[in-house]
Amino acid sequence: MQLTNESTIMGIDASLSSTGVAITTLEQKIVILHTIKTNADTPIHKRIHFVYMELEKIIDDHYVQLILCENNYTGGSKEVNWVIGIIFLIAANKGIAIKTYAPASIKKAVTGNGGASKKEIKPAIHKIYGVLRTNEHVRDALWIIHCYFVKEGEVRDL
């Protein structure tokens, strides 16, 4: 995978009701923080289609060359796994590389403790990126991006 200076990296916290999206540059500068929300009263197939269309638009608008997400294959709800399927489909259709990380790896990358609670992670991510006025789903997506930089040895001083 050859990333260029124009490339961006997208972290996704998959959920059928509230998908968190974060995109950064290779220099770890935040490009966009966004939540894709669906209504529980809407039929599931329409909700899945909406998430698909929103993710595809965001990817196209921001020159995403790498998608990162949690590997919830067995631990997540079936709805989360449906959204993860959407993410893989979009990546395959667009020829975008995708990487997944275990939840414990993400927590360890952000806090140094693979068993950290969300309460411990929030201040850690604020220390890295500054105080963010956003929801936990978007912060989760940003944690996944930070995990990538730690795992790939590309963490830069912020």
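Reader: What makes the crossing of α1 and α2 right-handed or left-handed here?

Author: In this predicted model, the crossing of α1 and α2 is right-handed. The word applies because a crossing counts as right-handed if the near helix is turned clockwise from the far one by less than a right angle.

Reader: Which residues of α1 and α2 meet?

Author: From α1 come I44, I48, V51, Y52, L55, E56, I59 and D60. On the α2 side they meet W82, V83, I86, I87, L89, I90, N93 and K94. By class, that contact has twelve nonpolar, one polar and three charged residues.

Reader: How do you know what E56 touches?

Author: Contact means heavy atoms within 4.5 Å. Leaving out residues up to four places away in sequence, E56 touches I90 and K94. E56 itself is found in helix α1. There is also a distance to look at: E56 and I96 are 40 residues apart in sequence and 12 Å apart in space, C-alpha to C-alpha.

Reader: What makes α3 and α5 roughly perpendicular?

Author: Helix α3, residues 103–111, and helix α5, residues 136–151, pack at an angle of about 75°, and their axes are 8 Å apart. Since 65 to 115 degrees counts as roughly perpendicular, α3 is therefore roughly perpendicular to α5. S105, I106, A109 and V110 of α3 make the contact with W143, I144, H146, C147, V150 and K151 of α5. By class, this contact has seven nonpolar, two polar and one charged residues.

Reader: How many cavities are there of 30 Å³ or more?

Author: The count comes to one cavity of 30 Å³ or more. The largest cavity holds about 40 Å³ of space, so it passes that cut-off and is called a cavity because a 1.4 Å probe fits there but cannot get out.

Reader: Which residues line the largest cavity?

Author: I12, D13, A14, C69, E70, N72, V80 and I84 line the largest cavity. The elements giving two or more residues to this lining are β1 (8–13), β4 (64–70) and α2. By class, the lining has five nonpolar, one polar and two charged residues.

Conventions: Residues numbered from 1 in each chain as written. Predicted model: local features only at pLDDT ≥ 70, side-chain atom pairs only at ≥ 80, totals over all residues. Heavy atoms only, no water. Helix = DSSP H or I, 4+ residues; strand = E, 2+ residues; numbered from the N terminus. Nonpolar A, V, L, I, M, F, W, Y, C, P; charged D, E, K, R; others polar. 1 Å grid on protein atoms, 1.4 Å probe; cavity = no way out; pocket = protein on both sides within 12 Å on 5 of 7 lines; lining within 4 Å. Points joined across faces, edges and corners; volume = space filled by probe spheres on them. Axes fitted to C-alpha atoms, helices over the stretch in contact; angles between N-to-C directions. Parallel < 35°, antiparallel > 145°, perpendicular 65-115°, else oblique.
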